[in-house]
Amino acid sequence: TRAIVMGLIEGVFFGALMGPLQVRQRRKRVAAVGNMPARDLRVAGRAVMRGPVPADPKIRQTAEWLATTQLKESSRLRWFGFSLFAFATVGNVSFALSSSPWWWLGAAATLSFSGLCLLMPRHLRRRIEMLKHETSE
């Protein structure tokens, strides 16, 4: 029961910190894209990471703006995120060696996230170039 209580307390603190951050980011995004239909916003959001470049210039412009915004945020937090996940990886490896082999799963996950922190800006820059210069057929 102690673990359940601690999990609930941690969940409340996590929600209190992340909830307002997510709301602020969403408000900024919605204010920037205007009255775009939800379906078009989903297409633009998907185009930020993968898939074909949208044919509609408004959706393509929105996708470019979303990618640029995400690039600014990920570049600003790149080394902090990498350091945080690398530190967590070291902790997970030490737990795996001293406690339970299940910690290797956490080590793999945090190592993946640390790599993602380093690779994401390059991916977003490439995607922005595609969204600026390519037209869909």
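Predicted model: local features only at pLDDT ≥ 70, side-chain atom pairs only at ≥ 80, totals over all residues.
**A salt bridge, a pocket and a few helices**

With a relative accessibility of 18%, Asp40 counts as buried, since the cut-off for that label is under 20%. The side chain of Asp40 meets that of Arg39 in a salt bridge, with 3.4 Å from N to O. As a rule, side chains of opposite charge can pair when their charged atoms come close. Arg39 has a relative accessible area of 56% and is therefore exposed, the mark for that being over 50%. How many salt bridges does the structure hold? The count comes to one.

Next comes the question of open space. Rolling a probe the size of a water molecule over the atoms shows where empty space is left. In this model, the largest pocket takes in about 950 Å³ of space. Its lining is made up of 27 residues, and those that lie nearest the centre of the pocket are Gln25, Gln70, Glu73, Ser74 and Leu77. Which elements give two or more residues to that lining? They are H1, helix H2 (38-49), helix H3 (57-76), helix H4 (78-98) and helix H5 (103-133). Sorted by class, the residues lining the largest pocket are 14 nonpolar, seven polar and six charged.

On the surface, there is a nonpolar patch to look at. Val5, Met6, Ile9 and Phe13 make this patch, which covers about 370 Å². One of these residues, Phe13, sits in helix H1, a helix that runs over residues 2-33. Is Phe13 buried or exposed? Its relative accessibility is 57%, so Phe13 counts as exposed.

At 23% relative accessibility, Val43 falls in the partly exposed class, which is the range between the buried and exposed cut-offs. Along the sequence, Val43 and Thr62 are 19 residues apart, while in space their C-alpha atoms are 9.6 Å apart.

For Asn92 and Trp102, ten residues apart along the chain, the C-alpha atoms are separated by 9.3 Å.

With 61% relative accessibility, Pro101 counts as exposed. Pro101 and Ala44 are set 57 residues apart in sequence, and C-alpha to C-alpha they are 41 Å apart in space.

Terms used
Residues numbered from 1 in each chain as written. Heavy atoms only, no water. Patch = residues over 30% accessible without salt bridge, like charges linked within 9 Å, V, L, I, M, F, W, Y side chains within 5 Å. Areas by Shrake-Rupley, 256 points an atom, 1.4 Å probe, with all protein chains shown as cover. Salt bridge = Lys/Arg side-chain N within 4 Å of Asp/Glu carboxyl O. Helix = DSSP H or I, 4+ residues; strand = E, 2+ residues; numbered from the N terminus. Buried < 20%, exposed > 50% of the residue type's maximum accessible area, 1.4 Å probe, protein only. 1 Å grid on protein atoms, 1.4 Å probe; cavity = no way out; pocket = protein on both sides within 12 Å on 5 of 7 lines; lining within 4 Å. Points joined across faces, edges and corners; volume = space filled by probe spheres on them. Nonpolar A, V, L, I, M, F, W, Y, C, P; charged D, E, K, R; others polar.
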